[in-house]
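Good morning, and thank you for the time on the agenda. Please have the sequence and the model open while I go through a few local features.

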Amino acid sequence: MPQADEDEDGPSIRSLPLDAWHRGRGARMVEFAGYHMPIQYDGILPEHLWTREHAGLFDVSHMGQLRLTGEGVETALESLLPADITGHPIGKARYSLLLSEDGGILDDLMLTRAPDGSIYMVVNGATKWDDIAHLREHLPDDITINHLEDQALVAVQGPTAVAAVARLVPGVDGLTFMDAGAFDWAGTPLWISRSGYTGEDGVEISLPADAAAAFVDALSADPEVRPIGLGARDSLRLEAGLPLYGHDLDPETTPIAADLGFALSKRRREERGFPGADRILAEREAGPALKRVGLAVEGRQPVREGATVIDESGAATGHVTSGGHSPSLGRAIAMAYVPLSQAVPGSTVRLSQRGKIHEAAVVALPFVPHRYHRKGDQK
């Protein structure tokens, strides 16, 4: 179970099961989402490129892992999420959104219908306590929410990731994108989904915390696998055009503004039985005032979160939510919310950051093509 440092006010920054493992490999540790987390080992640039070319090992045990059980759990969850859960295949992961009453995004998450009838859910580390409280407040009393605090979560991402894991865990390479299932490693139960947060092929592995160090030792013995920190995780997900909650998503933002309309299942759109349905579906028809887009920024200087999108008069019309240098492309990129009239690829926008004006072009997301392994793809 995660440990917490103590101060006069009680627990402060927590340590995850692999804390000593990271420190033993020279990781630079920082506070993130209330935990000590590795931001880098050898440097963000080489770690980023290693993941794009080989296999990167990420510790994401700060994420909230939940298992929900009870009669009618799928239908109950549909009152809070816009996903078709009752019609979703068993053993398939699905991206979804926890919505407020007015259709704002409280969190984005992954859920899977497990063979035992439960729902396995992974929520963001920074919001997991609020998510759990929201679920407990709004779900019926006969739905049980188990917070799997004794489980670690690691991800292996990159073009050789699945092959590396399959050398330890036979059968994993039989999964395709968003498949999930139970596996075994030396008597240790593993729950593995072929998914991730880098745009690369790979897997996420949930396992008992007390077995995590031995498992990642075995994984990292493979020359294709290297540990990767939060810094490269952020640059990888930015290149993949994937939003980060608290930056690109928040309670003021709807799924349509965030360009996440694919998370609204057809049956749910037709039935309209999810929070904020009227507002969200009206935006789907007419378009939102602002929309999340990708930006290719001119020049070498990155434009960071908080920069302002401005019009010709200098008035603010939108804002940058994520930005930085793209190691794969060798240029500055960003994601921003811009007026719908400018949200078409090829449009140009002006950005203001610390008194300096930058020019940028709207481009289609992702910046770097996804390489997920879908059914029918060659291995």
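Let me begin with a definition: buried means under 20% relative accessible area, exposed means over 50%, and partly exposed lies in between, with a 1.4 Å probe and protein chains only. At 26% relative accessibility, Asp 250 therefore counts as partly exposed. The model is a predicted one, in which local features need pLDDT of at least 70, side-chain atom pairs count only at pLDDT 80 or more, and totals for chains, interfaces and linings use all residues. Residues are numbered from 1 along each chain as its sequence is written, and side-chain values use heavy atoms, with hydrogens and water left out.

To stay with Asp 250, this residue is placed in the loop between helix 7 and helix 8; helices (H or I, at least four residues) and strands (E, at least two) are DSSP runs numbered from the N terminus. Asp 250 is in contact, meaning heavy atoms within 4.5 Å, with Ile 105 and Tyr 245, leaving aside neighbours within four places in sequence.

The loop between helix 7 and helix 8 (266-271) also holds Ser 265. Is Ser 265 buried or exposed? With a relative accessible area of 11%, Ser 265 is buried. Not counting residues up to four places away in sequence, Ser 265 touches Pro 82, Ala 83, Asp 84 and Arg 94. From Gln 353, 88 residues apart along the chain, Ser 265 is separated by 38 Å between C-alpha atoms.

I turn now to helix packing. Helix 2 (residues 44-53) packs with helix 7 (residues 230-239) at an angle of about 55 degrees, and their axes are 8 Å apart. Here axes are lines fitted to C-alpha atoms, for helices over the stretch in contact, and angles run from 0 to 180 degrees between N-to-C directions. The two helices are therefore oblique to each other, given that angles under 35 degrees count as roughly parallel, over 145 as roughly antiparallel, 65 to 115 as roughly perpendicular and the rest as oblique. On the side of helix 2, the contact is made by Ile 44, Glu 47, His 48, Thr 51 and Arg 52, and on the side of helix 7 by Gly 231, Ala 232, Ser 235, Leu 236 and Glu 239.

Which residues of helix 2 are buried? They are Glu 47, His 48, Trp 50, Thr 51 and Arg 52. The buried residues of helix 2 pack against strand 4, strand 5 (55-59), strand 11 (151-157), strand 15 (225-227) and helix 7.

Strand 4 (residues 35-40) contains Tyr 35, which counts as buried at 3% relative accessibility. Tyr 35 and Ala 126 are 91 residues apart in sequence and 9.5 Å apart in space, C-alpha to C-alpha.

Finally, some backbone points. Most residues other than glycine have a negative phi, and most peptide bonds are trans. Ala 33, in the loop between strand 3 (28-32) and strand 4, has a positive phi of about 55 degrees. Met 178 has a positive phi near 75 degrees and lies in the loop between helix 5 (161-168) and strand 12 (180-185). A cis peptide bond, with omega about 0 degrees, joins Leu 365 and Pro 366; Pro 366 is found in the segment after strand 21 (356-363).
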